[in-house]
Amino acid sequence: MSAVEVRALEKVFDVPEREAGLREATRSLLRRRTREVRAVDAISFAIEPGEIVGFLGPNGAGKTTTLKMLSGLLFPTGGEAHVLGHVPSKRERDFLRRITLVMGNRNQLQWDLPALDSFELNRAIYRIPREDFTALRDELIELLELGDLVKKPVRNLSLGERMKVEVVGSLLHRPDVLFLDEPTIGLDVTMQRRIREFVAAYNGRYGATVLLTSHYMADVEALCPRVIVIHEGRILFDGGLGALGARFAAHKTIEVVLGDASGDLERYGEIVQRDGERISLRVAKADTPSVTARLLAERDVLDLTIEDPPIEDVIERVFLEGSA
Amino acid sequence: MSVAARTPVREEGRLRSYLDFYATTMRTAVQANFQYRADTFLYMTGTIIEPVVYLVVWSTVARAQGDVAGITAGGFAAYYIAWTLVRQFNLAFTPYGWEWRIREGRVSANLLRPIHPIHYDIAEFAGWKFVNVVVWIPVAVVLVLIFEPALHPGLEDVLTFVPALWGAFLLRSLNLWTLGLVSFWTTRTAPLFELYILLELLLSGRLVPLQVMPGWAETIAAVLPFKWTFGFPIEALVYDLPVSELVGGLAIQTAWIVGMWTLMSVVWRRAVRRYSAVGN
Amino acid sequence: MGALRIALLYWRVAALNELQYRANFFIQLVQAAIGFGTGVAVILLVFSHTNELNGWDAYELLALFGVQMLLGGVVHSAVQPAMQKMMDDVREGTLDYVLTKPLDAQLLVSVREARVWRLVDALGGLTIIVYALTQVERAVGLEDVAGFLVMIVLGAAMLYCFWLVLATMSFWVVRIWAVNDLFEGLYQTGRWPIGIYPGWLRYGLTFLVPIGFAVTVPAEAVTARLDWDAAVGAAAFALVAIVLSRAVFRRGLKSYSGASA
């Protein structure tokens with residue numbers, strides 16, 4: 001049985017609409033104008049237990065809305081969703097005990113108390129047996145290298161440290177499904193990497209299914225073998241990151257260092273960057289072999305590398321094509 | 001060179017820019033507050049309950065005995081219904097506002113504006129009054145129908161009432177704004193504010209018409225500013241005061257406003273100095 | 001049972017939180033003193049002009065004031081902070097964390113925030129009641145005290161239900177901050193016996209806004225003037241209030257989650 005099964009899932013919002021000014025404000029007293037917004041437009045996918053799936057998309061694409069429907073926070077307006085065999089919106093106790101939600105930038109630990117006290121609170125809420133709790137808690141603290149930070153009041157921790165203790169608190173009940181909504185937002189690069197490594201380690205050790213939303217490419221690249229690209233409520237792509245590049249990337253970048261960079265280099269391809277003898281050329285994928293051959297034959301080449309375009313460009317292309 | 005760079009920067013005349021500032025701020029406040037209709041109505045209901053309770057209590061006593069200190073049940077009704085309008089007018093920026101500003105680190109924004117920050121707070125609340133009064137009118141109609149006030153104001157009473165209303169607003173704004181400045185020295189302004197409200201309750205005519213208070217309290221109330229933030233406009237409208245007292249009242253109110261403005265300026269300067277020395 | 005365990009858990013955390021700020025205790029003491037001063041001053045003022053108000057004499061009225069303070073302390077320490085936090089969470093979207101816990105949402109939302117220091121008000125109210133009882137003419141017996149305790153519990157329950165319904169309104173009118181002012185205003189009516197209010201207002205303050213039942217009835221109980229009809233009525237009303245408020249809350253939750261019906 002799949003961990004997550006989604007069929008034609010849909011979420012439509014009625015958003016009130018009004019123009020600026022005093023006259024419009026008075027008019028809105030009598031008549032409410034609303035606009036229909038399809039935040040999630042009939043999407044379908046299935047996720048097997050233990051998978052780590054990244055939901056990519058620009059702001060407002062529908063990723064957080066999807067996550068909220070799968071964690072039971074929002075009622076879908078159409079279609080159906082099943083997580084661990086449960087219907088999330090029913091919010092059954094057994095379901096809630098097996099999931100966890102972590103939202104970047106939103107704390108749920110007690111602000112003025114050490115994290116350890118909040119952990120105790122969670123232990124009582126989730127009815128975790130004492131030995132299991134202590135063992136897992138200490139293991140998580142070690143994995144995240146928290147040490148004595150858990151004894152300091154949460155408000156005294158830095159943003160990154162706060163995120164770490166939040167993560168520990170949310171995993172104490174050993175959930176089978178992790179919903180992570182923009183978990184690395186606002187964190188510095190080192191901390192982002194740390195969190196990613198931790199999620200991967202946790203998934204490896206406990207086999208939990210992870211659903212992650214992010215608009216940071218780095219999160220997805222580092223963590224998610226599978227990527228679902230959402231744009232304007234629709235799924236544009238569902239598969240591996242490599243396949244994404246293969247399908248949508250139409251260009252490659254040739255980085256070449258020439259002994260003599262004079263003359264017309266435009267005949268080889270579009271010059272993206274030029275730094276003395278180091279030149280970046282953008283070449284159509286199909287032409288890459290022939291252009292490379294010509295360069296090697298006709299010029300004095302000191303160094304040559306062929307690169308895929310950065311994944312951000314690929315994603316941008318996916319969005320452009322998707323909304324066309 | 002662009003047009004913008006060539007023409008020298010001009011500034012409007014001072015008085016004109018103040019008027020413009022007030023007009024714009026007030027208009028924006030009305031628009032903003034319009035969205036909070038539900039809140040305004042709830043808040044208003046909350047503020048109306050207080051005088052209704054007083055009204056019912058004193059009417060009960062008055063009905064049992066004929067009158068209290070010369071005021072009949074109908075007289076109390078008139079007093080407290082006028083009270084509700086005056087209350088809408090004397091709502092002002094409280095010390096909690098300053099506490100919040102300091103806690104959220106917004107004081108710098110106030111200090112960087114080329115205009116004394118009190119003008120914004122006064123203008124914003126002044127704008128809200130228009131929405132408050134509009135929401136108040138149906139409520140007042142209901143109150144009049146239920147409590148049957150004995151109200152027969154003369155022209156001179158109404159002509160005094162309107163400036164007295166605005167004067168009350170100005171004076172109370174000054175009082176509370178200055179009190180709020182204590183937040184620059186301590187975060188615990190709540191007890192001070194509550195003390196102010198206690199004094200106001202007893203000595204401004206908020207709890208009862210001042211003539212119902214014992215004689216010595218009435219005397220004290222006459223020399224303190226509280227009466228001029230609350231009781232005076234009510235008395236001007238509801239009682240049949242001679243013109244000399246009406247004009248005299250407005251004069252005393254104005255004197256208090258001038259005095260409090262001076263005090264406010266002094267305290268503000270000290271507060272800014274403290275803020276610049278201590279930081280956030 | 002489980003619910004009580006969770007409640008005590010959260011209240012313990014709240015106490016832990018607050019004990020760090022001892023200054024708040026003294027502030028609360030000062031504010032309570034000012035509150036009491038005001039209340040007593042008003043009663044004195046009224047009784048300088050009359051001997052009785054709607055059949056209540058000065059000390060009975062003092063007892064009523066004490067009951068209002070007692071219940072006020074309970075509401076301000078345990079009910080209002082939690083309800084305020086719920087409204088804030090609805091506005092800022094942090095209610096999601098409540099909804100993903102395997103606990104009853106109403107329970108969690110009602111106990112997770114408390115201001116222990118406000119119990120000072122409750123203590124003060126109790127003191128006033130005890131003092132007033134020593135001066136009251138009627139003899140107050142054990143069964144009156146028992147009745148009083150039962151009525152206080154029912155009264156607190158009714159006020160909680162009322163607050164819950166008010167706070168649930170924030171699910172539909174999200175930017176609502178005046179709920180607190182509204183409650184405080186309405187609660188002031190409890191300082192006087194509901195008999196003084198004109199008929200329709202009296203009904204409103206008994207059945208719509210249960211101030212009458214919550215405050216006047218316990219005061220009647222403790223001053224040995226309670227009649228059985230009122231007591232039974234209060235119990236029945238409390239039961240209805242508990243059921244109704246829970247239904248309204250669940251309806252609000254559904255609306256928050258975007259369910260259409």
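Mentor: Happy to. A nonpolar core is a set of buried Ala, Val, Leu, Ile, Met, Phe, Trp, Tyr and Cys residues joined through C-beta atoms within 7 Å. Buried means that 20 or more other C-beta atoms lie within 10 Å of a residue's own, with C-beta atoms placed from the backbone. The model is predicted: local features need pLDDT of at least 70, side-chain atom pairs count only at pLDDT 80 or more, and totals for chains, interfaces and linings use all residues. Residues are numbered from 1 along each chain as its sequence is written, while chains are lettered from A and ligands numbered from 1 in the order in which they are written.

Trainee: How many residues has the largest nonpolar core?

Mentor: It has 216 residues, and Leu211(A), Val229(A), Ala168(B), Met158(C) and Trp163(C) have the most contacts inside it. Helix α3 of chain C (residues 58-92) gives the most, 18 residues; helices are DSSP runs of H or I, at least four residues, numbered from the N terminus.

Trainee: How do I read a helix pair?

Mentor: Two packed helices are described by the angle between their axes and the distance between the axes. Axes are lines fitted to C-alpha atoms over the stretch in contact, with angles from 0 to 180 degrees between N-to-C directions. In chain B, the axes of α8 (residues 155-180) and α11 (residues 231-238) come within 8 Å and cross at roughly 170°. Angles over 145 degrees count as roughly antiparallel, so α8(B) and α11(B) are roughly antiparallel to each other.

Trainee: Which residues of α11(B) make the contact?

Mentor: Phe232(B), Pro233(B), Ala236(B) and Leu237(B) do, meeting α8(B) residues including Phe161(B) and Ala168(B). Contact means C-beta atoms within 7 Å, placed from the backbone.

Notes: A residue is buried if 20 or more other C-beta atoms lie within 10 Å of its own, exposed if 12 or fewer, and partly exposed in between; C-beta atoms are placed from the backbone. Helices (H or I, at least four residues) and strands (E, at least two) are DSSP runs, numbered from the N terminus. Angles under 35 degrees count as roughly parallel, over 145 as roughly antiparallel, 65 to 115 as roughly perpendicular and the rest as oblique. Two residues are in contact if their C-beta atoms, placed from the backbone, lie within 7 Å.
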